[in-house]
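Thanks for coming. I'll walk through one model this morning, starting with the whole chain and then going part by part.

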Amino acid sequence: MHIEGDNAPTAFQAAAVSTGTLPDAERVRSFLNEAHVRYAGDLSGEVADYIPALAGVDPELFGLSLAGVNGAVTSSGDARVEFSIQSISKAFVFALIDQLVGHDTIRRSVGVNNTGLPFNSIMAIELNDGSPMNAMVNAGAITATSFAPGNNVESRWEFVLDGLSRFAGRDLVIDDEVYRSESANNGRNRAIAGLLNSYGAFSADPEETVDVYTRQCSVRVTAEDLAVMGATLADGGVNPVTGDQVVNASVCRDTLAALAAAGLYERSGDWLYEIGMPGKSGVSGGLVTISPGKGALGSYAPRLDPAGNSVRGQRAAHFLSGALGLNLFSSLPHPADRSTL
């Protein structure tokens with residue numbers, strides 16, 4: 001969904017790139033509103049219909065929010081409309097588990113490589129001898145969730161929900177309708193868990209693990225929540241609104257690296273090439289993109305491309321990445337006197 005016209009004007013990009021901070025609040029607000037106006041009329045893509053509770057959402061909803069590491073949150077459109085977090089939860093549960101078990105264990109047991117296959121692929125597991133490969137696809141995310149501590153489903157779920165709430169800076173709740181709908185239609189995830197279990201990928205009960213994973217995907221968030229959650233990863237693990245140290249800075253580094261590799265599934269290479277920020281999408285239409293040291297963009301727009309990524313969200317991120325200097329790979333020549341080098 002990357003279109004040449006989504007590039008921000010060159011002059012704006014030059015003013016924002018190679019800086020360590022976001023532009024001033026007025027410019028952030030102006031560009032956020034401009035992005036909302038530019039892409040609200042894009043009617044391409046389809047709402048996810050394989051989960052009945054998602055099929056009936058209003059496809060015209062569109063919200064954008066940007067949270068800076070200084071705690072400032074700026075929003076436009078339907079940024080406070082709640083929706084289920086879905087696969088975006090993978091990024092933050094990955095961080096919670098990385099904090100718990102450590103860098104080496106998460107790389108060895110979950111993996112950090114892109115499978116190059118769809119998010120719910122079973123073939124990817126078989127092709128890699130039972131390795132889930134990456135926590136940003138279902139197999140890896142279910143494996144990561146299996147590490148949640150506790151003696152039963154409820155205690156393990158409490159660990160996950162508490163962690164997600166700390167990232168958001170408020171008490172999050174589960175969407176019971178979405179949870180029931182997904183529980184009745186998650187046969188593929190149960191099959192993935194069973195296959196992983198047969199390879200000895202995790203020791204937790206596979207049915208209980210899938211239940212906790214289904215609950216985490218059913219948590220209700222807003223575009224503003226996603227922006228704050230992403231900004232926590234951009235701020236060395238400190239929630240910039242509450243000041244709570246949710247995870248360590250090293251965990252943020254690990255999580256953003258995994259997101260860069262596979263956050264947009266098989267489109268992750270295109271995403272980095274055009275937008276240049278780690279990001280994570282969800283089939284409800286949510287999208288979070290993170291610029292370390294600066295902040296994060298959260299968006300909500302339910303129409304999806306064939307890979308399951310929000311169409312309007314991607315286009316807005318493309319424009320704002322350039323306009324606000326968020327692309328990690330952009331730079332300008334340094335003005336220093338090179339004759340002394």
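Predicted model: local features only at pLDDT ≥ 70, side-chain atom pairs only at ≥ 80, totals over all residues.

Among contacts between residues at least 6 apart in sequence, 71% join residues at least 24 apart. The protein has 15 helices and 7 strands. It has 341 residues, and 56% of them count as buried.

Let me take the sheet next. In which order do the strands of the open sheet lie? The order is S2-S1-S7-S6-S5, 5 strands with antiparallel pairing. Strand S2, residues 73-77, and strand S5, residues 279-281, stand at the edges; each has a single partner strand, so one side of each has no neighbour in the sheet. On average, neighbouring strands here are turned by 10 degrees against each other, with direction ignored.

One pairing in some detail. Strand S6, residues 286-291, and strand S7, residues 295-300, run antiparallel and are joined by 6 bridges.

Leu61 sits in the loop between helix H3, residues 52-55, and strand S1, residues 63-68. Is Leu61 buried or exposed? Its relative accessibility is 17%, and the cut-off for buried is under 20%, so Leu61 counts as buried. Leaving out residues up to four places away in sequence, Leu61 touches Asp78, Val81, Tyr300, Ala301, Pro302 and Arg312. Leu61 and Gly285 are 224 residues apart in sequence, while their C-alpha atoms are 9.4 Å apart in space.

Now the aromatic rings. The count comes to 3 aromatic pairs, and I will show two of them. Phe31 and Phe319 form an edge-to-face pair, with 6.0 Å centre to centre and 70 degrees between the planes. Phe31 is in helix H2, residues 25-39, and Phe319 is in helix H15, residues 311-323, so this pair ties together parts that are 288 residues apart in sequence. Phe31 and Phe319 are both buried.

The other pair is Phe83 with Tyr300. Their ring centres are 4.0 Å apart and their planes are at 5 degrees, so this pair is stacked. Phe83 belongs to strand S3, residues 83-84, and Tyr300 to strand S7, so parts 217 residues apart in sequence are tied together. Phe83 and Tyr300 are buried as well. Tyr300 has come up already, as one of the residues that Leu61 touches.

On to the helices, beginning with H8. At the N-terminal end, Asn152 caps H8, with a side-chain oxygen 3.2 Å from the backbone nitrogen of Glu154. After the helix comes Gly169, with a positive phi near 80 degrees.

The buried residues of H8 include Val153, Arg156, Trp157, Val160, Leu161 and Leu164. What do the buried residues of H8 pack against? They pack against four helices: H4 (89-101), H7 (138-145), H11 (206-217) and H12 (223-234).

H7 is worth a look of its own. H7 is mostly covered, with 8 of its 8 residues buried. Two of these residues will do as examples, Ala144 and Thr145.

Thr145 has a relative accessible area of 0%, so it is buried. Not counting residues up to four places away in sequence, Thr145 touches Val93, Arg156, Thr209, Val212, Tyr213 and Gln216. Arg156 in that list is one of the buried residues of H8.

Ala144 counts as buried at 1% relative accessibility. Ala144 and Thr209 are 65 residues apart along the chain, and their C-alpha atoms are separated by 9.5 Å.

That is the end of the tour.

Notes: Residues numbered from 1 in each chain as written. Heavy atoms only, no water. Pairing = 2+ DSSP bridges. Helix = DSSP H or I, 4+ residues; strand = E, 2+ residues; numbered from the N terminus. Axes fitted to C-alpha atoms, helices over the stretch in contact; angles between N-to-C directions. Buried < 20%, exposed > 50% of the residue type's maximum accessible area, 1.4 Å probe, protein only. Contact = heavy atoms within 4.5 Å. Polar contact = N/O pair within 3.5 Å; in protein donor to acceptor, adjacent residues only side chain to side chain. Phe/Tyr/Trp six-rings, centres within 6.5 Å; stacked < 30°, edge-to-face > 60°.
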